[in-house]
Amino acid sequence: MVLEATATTDTGEIVPLGKKEYQEIGLDLDGNQRMSAWQIKEIIDFSPQPGKILTERFIQELPEGTGSAEIEVKVSMWPDPKTEMVAHRVVKKISFAPRP
Amino acid sequence: MRWLLLFFLLVPPAAARAEFASLDELVRAYDAESCKACHPTIYEEWTSSYHARSGLNSLGVLREFIEAVERDWQREFRKEDLMRCMDCHAPQLKDASESLVREVARLVVAATDDKDAAGKEAARKSLARLNVNCVSCHNLKAAVEKNLQGAPQPGVYYGPTGKPSPAHGTARSSAITSSPFCGQCHSLYTAADRETAFCTSLYESYQDHYRANGGLESCQDCHMRAKGRGHRMPGRHDLDAVRDGITLEASAVGIRLHPGRWVPAAVVSISLGNRAGHRIPDG
């Protein structure tokens with residue numbers, strides 16, 4: 001599962017704000033990441049646990065002269081590496097006061 | 001009279017306890033096709049489920065495993081090795097002879113490696129006949145408490161009601177509506193030699209993080225009863241099921257950083273919630 005936030009500025013520039021991947025990392029007994037079930041003997045779990053709400057915050061500078069931007073936040077599942085399934089998308093508008 | 005006729009026309013799979021040397025014989029003994037006549041809606045739901053394709057799921061990993069047994073474990077791939085995967089992906093293979101196991105292993109290699117597209121497709125077609133079907137859940141895996149209740153009886157179909165059927169034997173099973181039933185496969189796998197395979201620890205997540213924190217719903221509540229999902233049992237591959245399991249809220253504000261330069265910057269706060277009964281993702 002991937003959480004991604006991007007900004008599209010009023011000049012059309014797309015700026016990545018932040019990205020976070022939630023998954024289990026499978027490890028063998030020597031602490032090496034393994035992908036195959038028979039090799040994995042323990043996991044480190046970065047996935048959201050049931051009933052829990054995770055809070056993430058991103059801060060990112062935008063290009064000089066940006067007056068406003070559209071912020072898109074989306075969470076996607078990737079059933080396979082080629083297929084993105086967007087579960088939820090939230091869009092917010094931000095604007096900037098004139099420089100002091 | 002109609003039922004009597006049906007009985008003779010549609011002999012349900014016997015879930016026989018024999019050893020099969022050919023894939024055709026094994027598939028015939030455990031075929032779900034004959035269930036369709038009396039249970040058409042359930043059958044249709046099942047055909048669109050991942051259970052119906054479980055013989056093809058993780059084919060690449062199984063191919064690697066066959067190679068790894070010979071390369072790393074330094075011995076011939078045998079039935080007990082195949083069943084580390086197929087005890088869940090195609091439990092009917094428990095009745096396969098060693099020669100049929102070798103044939104299935106050959107098909108797995110052909111379905112992933114065959115340079116000839118037609119050969120690859122033919123192997124995939126054969127393997128697609130192996131799956132988690134009606135017999136798998138309503139007979140083979142129906143007894144969660146084997147020591148208490150005994151092994152499932154051949155030809156008897158275990159369900160939530162045990163309502164009599166003129167077509168086959170029936171018995172009520174409280175296991176089949178319970179989470180431990182699904183946990184037989186959707187959990188850390190421990191083989192007969194006690195070696196584990198970390199296919200998933202979904203059921204452990206359910207027990208240790210959902211039930212431990214007050215959750216009371218069962219696997220069947222969300223994946224079958226909710227929204228009439230039935231025997232499709234949708235999960236991580238289904239957008240609606242995924243949407244039901246995840247919440248997303250966000251707020252954003254524009255600020256200026258670096259006094260004097262006054263660079264515009266975006267600040268985003270996000271709340272990502274997991275409403276499912278287990279970690280997301282898992283399978």
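Me: What share of chain B's residues count as buried?
Reply: 35% of its 283 residues, where buried is 20 or more other C-beta atoms within 10 Å of a residue's own, all placed from the backbone. This is a predicted model, where local features need pLDDT of at least 70 and side-chain atom pairs 80 or more, while totals for chains, interfaces and linings use all residues. Residues count from 1 along each chain as written, with chains lettered from A and ligands numbered from 1 in written order.

Me: OK, how many helices and strands in chain B?
Reply: 13 helices and six strands, taken as DSSP runs (H or I, at least four residues; E, at least two) numbered from the N terminus. The C-alpha trace spans about 85 × 50 × 40 Å along its principal axes.

Me: And how many residues of chain B are in contact with chain A?
Reply: 48, against 48 of chain A; contact is C-beta atoms, placed from the backbone, within 7 Å.

Me: Which element gives the most to that side of chain B?
Reply: E6(B), with 12 residues. Others supplying at least two each include helix H4 (59-71) and strand E5 (246-257) of chain B.

Me: What does E6(B) pair with in chain A?
Reply: Strand E5 (residues 53-61) of chain A, antiparallel, through nine bridges; pairing takes at least two DSSP bridges.

Me: Switching topic: which H7(B) residues does H6(B) meet?
Reply: B:Gly119, B:Lys120, B:Ala123, B:Arg124, B:Ser126 and B:Leu127. On the H6(B) side are B:Leu107, B:Val108, B:Ala110 and B:Ala111.

Key
Contact = placed C-beta atoms within 7 Å. Buried ≥ 20, exposed ≤ 12 C-beta atoms within 10 Å, placed from the backbone.
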